[in-house]
Every structure is written in structure tokens, then in C-alpha cells.
Amino acid sequence: MDLLKKFLLGVCVLSLVMGLGMMLKPLRSFNIDPMKVPTLIAYTMPITITMVMPIAALLATTLTYGRLAFDNEINACRSSGISVISLIYPAGTLALLIGLASLLLGFHTIPYFISKFENILSEDAEAMIFRGIEKKGELSSMFSGLVIHADQVWAKEHILQGVTLVTTDRTKVKEVITAKAVKLNIEKHPDTGENRMRLQLGEACGLIDDAYVEIGRNEFTVPIPTLFKDKIKFKNLDELKAIGSNLGSFAPIRLAFEKAVDQYIQEVLFHYTDQELKHTGYALLNCDNGRTIRIFASGCDFLDKNKSIRKKASSLAELLPLDDGTIIVEYTDPDNPALRKEYTCDEARLQYMYYNSSPRVVLSMKNASWQTASGNVINYINEALTGIIVPDKILHQADGLSIKEFAAAEEVEDVVPSYSSERLIYMAQKLKNACRSLQIEIAAEKHSRLAFGVSCVILTVMGAGLGIIFKSGHLLMAFGISFIPAVFCLVTMFTGKHIAESSTDMTVGLIFMWSGVVLVAALDVLMYRKLSKT
């Protein structure tokens with residue numbers, strides 16, 4: 001009973017200290033309702049309990065058996081014919097219970113509570129976003145690579161006014177988009193049920209990869225980040241098996257695949273437009289309002305000679321002028337020929353983007369003009385035609401891609417077109433590497449949980465032997481003695497896991513992961529053989 005009391009006390013104290021220190025900062029950065037913080041911390045307690053159990057058990061056994069040895073009760077028992085091994089039965093029972101509890105917590109309980117934790121964040125996502133913008137006038141801590149500035153917030157109407165969206169790539173600003181008003185809604189992904197932030201822009205324009213673009217009305221979605229959900233170490237056993245058999249069910253892999261496919265569609269579209277212009281003299285594109293656009297130019301250029309994205313603008317393609325230095329765009333309505341416009345411009349570019357969750361193209365023109373039926377010439381400094389539909393055959397071609405195809409390819413160049421840019425090849429290679437890393441991570445995670453459960457058993461048993469040998473009745477001395485094998489065991493496990501996840505062959509990492517457990521177990525055997533003889 002004394003052993004159990006010390007163990008439970010150690011678990012409670014260490015869990016509270018580690019839990020509060022680990023969770024308060026990330027919860028603050030998510031602008032969570034303060035009333036929900038205690039519940040969220042309670043849901044994360046199984047994580048900290050699992051981490052501190054072997055330390056608490058080691059400390060409790062070392063202190064308890066050290067006190068017995070210090071008071072000569074161990075010698076009294078030996079004199080009465082009770083062997084040391086018999087005295088270790090309580091510690092052994094506690095060790096087995098802790099080992100089983102660690103495996104249960106790691107494979108089932110922790111993922112369950114993490115799911116409850118993420119559900120609370122999911123339900124409060126919209127309030128967290130508006131709360132963060134209302135407090136500071138901007139939101140930067142919640143989304144990686146996206147900063148939202150707003151002059152006014154109308155939370156009930158889901159409206160932001162005077163909005164600036166800044167997209168960054170590490171330390172570099174990639175896009176700056178301004179909009180008079182933005183409607184912000186939280187919606188669930190139709191297939192996965194994950195929360196996404198949908199931004200509907202009005203009267204928008206911006207700098208995208210150093211190029212000025214008139215965007216007009218547009219929209220895009222951004223996945224709402226989670227604290228734990230997209231991490232393999234918080235998945236239960238069934239989820240690990242499901243992800244291993246279907247890598248696309250893991251959100252980071254799916255998002256990487258979607259980005260690669262999105263880039264693929266862009267480049268196939270621009271290549272298709274270039275080929276149409278060069279072979280037929282024009283490119284015909286349809287709009288979602290039933291109208292058509294016929295472009296007369298000499299080509300469509302988005303790559304330089306080294307296959308690098310021109311101007312580093314992956315979503316933009318320059319239309320090359322005709323021999324007379326102009327580009328002609330016919331904008332017609334089959335149902336109403338009177339609405340026909342024939343633009344003549346000096347420069348034009350195609351921009352690929354999303355609208356209403358579907359890929360769309362915007363045709364931007366500079367110094368454009370068109371002549372009315374009465375002979376009047378109307379000039380525009382900048383004019384944009386929106387809602388251009390990506391041809392179905394290109395979308396069908398993209399639908400034929402799969403994550404397995406990228407993961408299984410010996411060379412990613414076998415999957416993407418021969419004219420692909422360096423960016424698309426890089427994204428495809430990154431996806432392939434991510435799939436390989438994920439499979440290794442799943443295997444390493446299973447081994448680490450098993451090793452951790454076994455380490456709980458051997459460390460608890462070792463604590464009893466160390467207490468008897470060193471006769472430590474003092475708390476600090478008991479902690480110092482027990483801390484050394486615990487740290488050694490944990491360091492080898494986490495280092496081995498890191499080695500396994502960062503190498504192509506995880507064998508070395510797994511051997512290193514289990515080496516600490518095996519060595520401490522061997523020390524246990526030698527220690528108790530010595531105690532049984534003395």
C-alpha cells in the first residue's frame with residue numbers, strides 16, 4: 001500500500017507540472033475560450049501520465065525499498081527465511097500493471113482523448129478565428145504561412161472589412177492580397193470531414209509572386225490546423241493500420257498530394273494553351289456563365305529555358321504577343337451575339353485559382369481596348385475576365401493520378417509530364433519522400449510504444465533493487481539513483497526512433513531503440529542474481 005501511495009502521488013505531481021507547462025502556451029496561441037481551457041488540459045492529461053508513469057514508479061520503488069533496507073527490514077526478512085525475490089513481488093506486480101497501462105494508454109486511451117480534444121477545437125474554430133482578429137486586428141499565430149489583417153470585424157455576419165492577406169514561404173513574403181470585404185465561413189471537407197476556412201473575396205487585387213494581379217471576386221479555402229490530430233504519435237492502433245494501408249487517409253499526405261495535383265493541372269493547362277496557340281493560332285476556353293473566350297497569341301509561356309518557373313510565379317503564365325505586338329481576346333455569348341467584345345491589349349496573362357471549390361482561370365489584360373458597335377473605343381488600364389473553366393480533358397487526366405502512383409514510382413519524372421517545371425518535380429519528389437517517411441514513422445511508432453511499455457516494467461523492477469543496494473531512505477538520493485537508468489532508457493528509445501525516421505533503412509534505429517531496454521533488463525538480471533546470493 002505504501003508503494004502504491006508513493007506511485008500515485010508521484011504521478012499526480014509530475015503530471016500536473018508537465019501538463020500545465022506543455023499545454024498553456026499552445027492553447028493561448030489558438031485564442032481558445034478560457035472557460036474551455038480546464039477541459040482541454042484534462043483531455044491531455046493521459047499524455048503526461050503516460051510519460052511520467054515509469055519515472056514515478058521508479059522513484060516510488062526506489063524510495064520504498066530503500067527505506068526498508070535503511071531500516072534493516074530487508075535483513076530481518078532474510079533472517080526469517082524470506083528471500084529477496086519474494087519481497088520484490090509487490091514491485092513486480094506494480095511493474096506489470098504499469099506496463100499494461102502504458103500500452104493501453106499509448107495505443108487506445110490517448111488517441112481517444114485527443115479526438116475529444118480536437119472536437120472541442122473544431123466546434124470553437126470559427127469563434128477562435130474572429131476572437132483572435134478582434135483582439136489584435138490580425139491573425140498570425142493560428143495559421144502557418146498565412147497572416148490575416150482586418151480593419152473591422154463583423155463576427156455575426158461573418159464579414160471582415162479592409163482585409164489584407166499575406167502568404168509567406170518560410171521568411172519570404174509570397175503573396176499579398178487586399179480585398180474591400182471578405183466573407184469568412186468554416187465548412188467541413190465533403191470527404192474527410194476536416195474543418196476548412198473558406199474566404200470569399202470581394203474587389204480583390206494583389207501581388208502574387210512579384211506580379212500585380214486584378215483578382216476581383218474570388219475565394220479559396222485554408223485547412224484549419226490542429227494541435228495533435230495530424231501527428232502519427234497520437235493515432236490509435238486501428239488508425240495506424242488504416243493509414244499504413246491507405247496513405248491518403250493521413251491529412252498531411254493528402255494535402256501534399258492535392259498541392260501536387262493542383263500544380264500538375266496548372267502546368268498541363270498552360271502547356272495545352274501553348275500548343276493550341278502554336279498549332280491552330282488560337283485557344284478556345286469556356287466560362288462558367290456560358291460565354292466563351294478565344295485568345296489569339298503566339299504562345300503561352302510559364303517556363304524559362306532551364307525549366308524554372310518564370311518570375312517564380314507558379315500560377316501565372318504570360319501570353320506571347322503576335323507579330324504586330326498585340327494580343328487579341330474575343331469574349332462572346334453564344335446566346336446573345338450583341339454582347340461580343342474583341343479586346344486588343346499589349347500584355348496578358350493567365351492565372352490559375354479556385355472559385356466555389358473548383359479550379360478556375362483569370363485572364364488579366366493590360367492597356368486593353370475594345371470598340372463598340374457605334375465605333376466608340378473603350379480603354380482599360382487593367383481588365384480581367386474571370387470564371388474561365390479548365391477543360392474537362394485536363395481534369396480527367398489529373399483524376400487519373402494517385403498517391404500510390406507517386407509513392408511506387410522509381411523516378412517521379414515517370415509520373416509527371418516531360419515538360420514539367422522544377423517546382424512540380426520537387427513537389428512530386430517531396431510527396432514520394434513523405435509517403436516513404438510515413439511508412440517508416442508508423443513502424444517506428446509501433447516499436448516505440450512497445451519499447452516504452454516494456455521499459456516501464458524493467459525500470460520499476462530496477463528501482464526496487466537499487467533501493468535495496470544503496471539503502472536510500474532519502475527522497476533526493478532515491479530520485480538521483482533512479483533517474484540515471486530512466487534517462488538512459490528514454491534517451492535510447494527516442495534517439496533510436498529519430499534515427500529510424502530519418503534514415504532510409506530503419507533497422508539501425510530500431511536496434512538502437514531497443515538497446516537501452518535490453519541493457520537495463522540485463523542489468524536487472526545481474527542485480528537480482530547478486531541480491532539472491534547475498
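**Exercise 1. Is Lys-278 buried or exposed, and with what relative accessible area?**

Solution. This is a predicted model, in which local features need pLDDT of at least 70, side-chain atom pairs count only at pLDDT 80 or more, and totals for chains, interfaces and linings use all residues. Residues are numbered from 1 along each chain as its sequence is written, and side-chain values use heavy atoms, with hydrogens and water left out.

Step 1. Take the cut-offs: buried means under 20% relative accessible area, exposed over 50%, and partly exposed in between (1.4 Å probe, protein chains only). Accessible areas come from the Shrake-Rupley method with a 1.4 Å probe, and for residues only the protein chains shown count as cover.

Step 2. Lys-278 has a relative accessible area of 52%, so Lys-278 is exposed.

**Exercise 2. Describe the salt bridge between Lys-278 and Asp-274.**

Solution. 

Step 1. Side chains of opposite charge can pair when their charged atoms come close. A salt bridge here is a side-chain nitrogen of Lys or Arg within 4 Å of a carboxyl oxygen of Asp or Glu.

Step 2. For Lys-278 and Asp-274, the N to O distance is 3.2 Å.

Step 3. Helices (H or I, at least four residues) and strands (E, at least two) are DSSP runs, numbered from the N terminus. Because Lys-278 and Asp-274 are 4 residues apart in helix H8 (residues 251-280), about one helical turn separates them.

Step 4. Asp-274 has 9% relative accessibility and therefore counts as buried, whereas Lys-278 is exposed.

**Exercise 3. Locate Arg-349, Glu-318, Glu-330 and Arg-340, and state how they are paired.**

Solution. 

Step 1. The whole structure holds 10 salt bridges. In one of them, Arg-349 pairs with Glu-318, with the closest N and O atoms 3.2 Å apart. This pair links distant parts of the chain, since Arg-349 is in strand S13 (residues 347-355) and Glu-318 is in strand S10 (residues 316-320), 31 residues apart. Arg-349 and Glu-318 are both buried.

Step 2. Glu-330 and Arg-340 meet through their side chains at 3.3 Å, N to O. Here too distant parts of the chain are linked: Glu-330 belongs to strand S11 (residues 327-332), and Arg-340 to the loop between S11 and strand S12 (341-345), 10 residues apart.

Step 3. Glu-330, at 16% relative accessibility, counts as buried, while Arg-340, at 38%, counts as partly exposed. Through shared partners, salt bridges join Arg-294, Glu-330, Arg-340 and Glu-342 into one network.

**Exercise 4. Trace the pairing of strands S2, S3 and S4.**

Solution. 

Step 1. Two strands pair if DSSP finds at least two bridges between them. S2 (residues 146-154) and S3 (residues 159-169) have 8 bridges and are antiparallel. Trp-154 has Ile-159 in S3 as its bridge partner.

Step 2. Look at the turn. The hairpin of S2 and S3 has 4 residues between the strands, and His-158 takes a positive phi near 60°. Glu-157 is also in the loop between S2 and S3; Glu-157 is partly exposed, at 45% relative accessible area. The C-alpha atoms of Glu-157 and Asn-185 are 9.8 Å apart, although 28 residues separate them along the chain.

Step 3. Go on to S4 (residues 172-188), which pairs with S3 in the antiparallel sense over 10 bridges. Within S4, Ile-177 stands opposite Leu-165.

**Exercise 5. Which residues form the nonpolar patch, and which form the patch of negative charge?**

Solution. 

Step 1. Patches are made of residues with over 30% relative accessible area and no salt bridge: like charges are joined within 9 Å, and nonpolar side chains (Val, Leu, Ile, Met, Phe, Trp, Tyr) within 5 Å. Lys and Arg count as positive and Asp and Glu as negative; His and the chain ends are not counted. The charge is placed at NZ of Lys, CZ of Arg, CG of Asp or CD of Glu.

Step 2. The nonpolar patch consists of Phe-488, Leu-519, Leu-523 and Leu-526, with about 360 Å² of accessible area together. Helix H13 (residues 507-533) gives the most, 3 residues. Phe-488 sits in helix H12 (residues 475-502) and is partly exposed at 37%.

Step 3. The negative patch on the surface gathers Glu-410, Glu-411, Glu-413 and Asp-414. Asp-414 lies in the loop between helix H10 (403-408) and helix H11 (422-470), and its 60% relative accessibility makes it count as exposed.
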